[in-house]
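Please review the structure shown below. The briefing that follows covers its nonpolar core, a helix pair and one backbone feature.

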Amino acid sequence: MSGGIEHGVQRLHVGKRLSEAAIAGGTVYLAGQVPENEPDADIEGQTGEVLGHIDRLLGEAGSSKQHLLSVQIYLKDISEIGRMNAVWDAWVAPGHTPPRATVQAALADPRWRIEVVVVARQAGA
């Protein structure tokens, strides 16, 4: 974990522009997760990569996908929602599906097909 605690907020992977995660009061807030390693992959590949980033960051923050409170999914092309949902459905914890919004949006890198923002609680919080 890189970062520190200041004024009751712990930040992970702090960069010049953003932190990958912030933890306050037992709640974990993730920055928008994007396909960093496979920016030219199809929606299934990019979704799998992004969900892997989320798993890793939640683990570092003392949480997991079983503790999701809210998810926002941004798709470059909303017509790919069915293919994205197939990967999501295989990943999300049964019985722990979070409130979720999925919208079409222009993403910062034209190669990205998906960006996902997550809020979760820490395990035991």
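**Core, helix packing and a backbone feature**

The largest nonpolar core comprises 24 residues, and Ile 54 and Val 118 have the most contacts inside it. Such a core is a set of buried Ala, Val, Leu, Ile, Met, Phe, Trp, Tyr and Cys residues joined through side-chain atoms within 4.5 Å, where buried means under 20% relative accessible area, exposed over 50% and partly exposed in between (1.4 Å probe, protein chains only). The model is predicted: local features need pLDDT of at least 70 and side-chain atom pairs count only at pLDDT 80 or more, while totals for chains, interfaces and linings use all residues. Residues are numbered from 1 along each chain as its sequence is written, and side-chain values use heavy atoms, leaving out hydrogens and water.

- At least two core residues come from each of β3 (19-24), β4 (27-30), α1, β5 (68-75), α2 and β7 (114-121); helices (H or I, at least four residues) and strands (E, at least two) are DSSP runs numbered from the N terminus.
- α1 gives the most to this core, with six residues.
- Ile 54 touches Leu 30, Gln 33, Trp 91, Val 116 and Val 118, residues up to four places away in sequence not being counted; contact means heavy atoms within 4.5 Å.

**Helix pair**
- Ile 43, Glu 44, Thr 47, Gly 48, Leu 51, Ile 54 and Asp 55 of α1 meet Arg 83, Met 84, Val 87, Trp 88 and Trp 91 of α2.

**Backbone**
- His 13, in strand β2 (residues 9-14), has a phi near 55°, a positive value in a residue other than glycine.
- His 13 counts as partly exposed because its relative accessibility is 27%.
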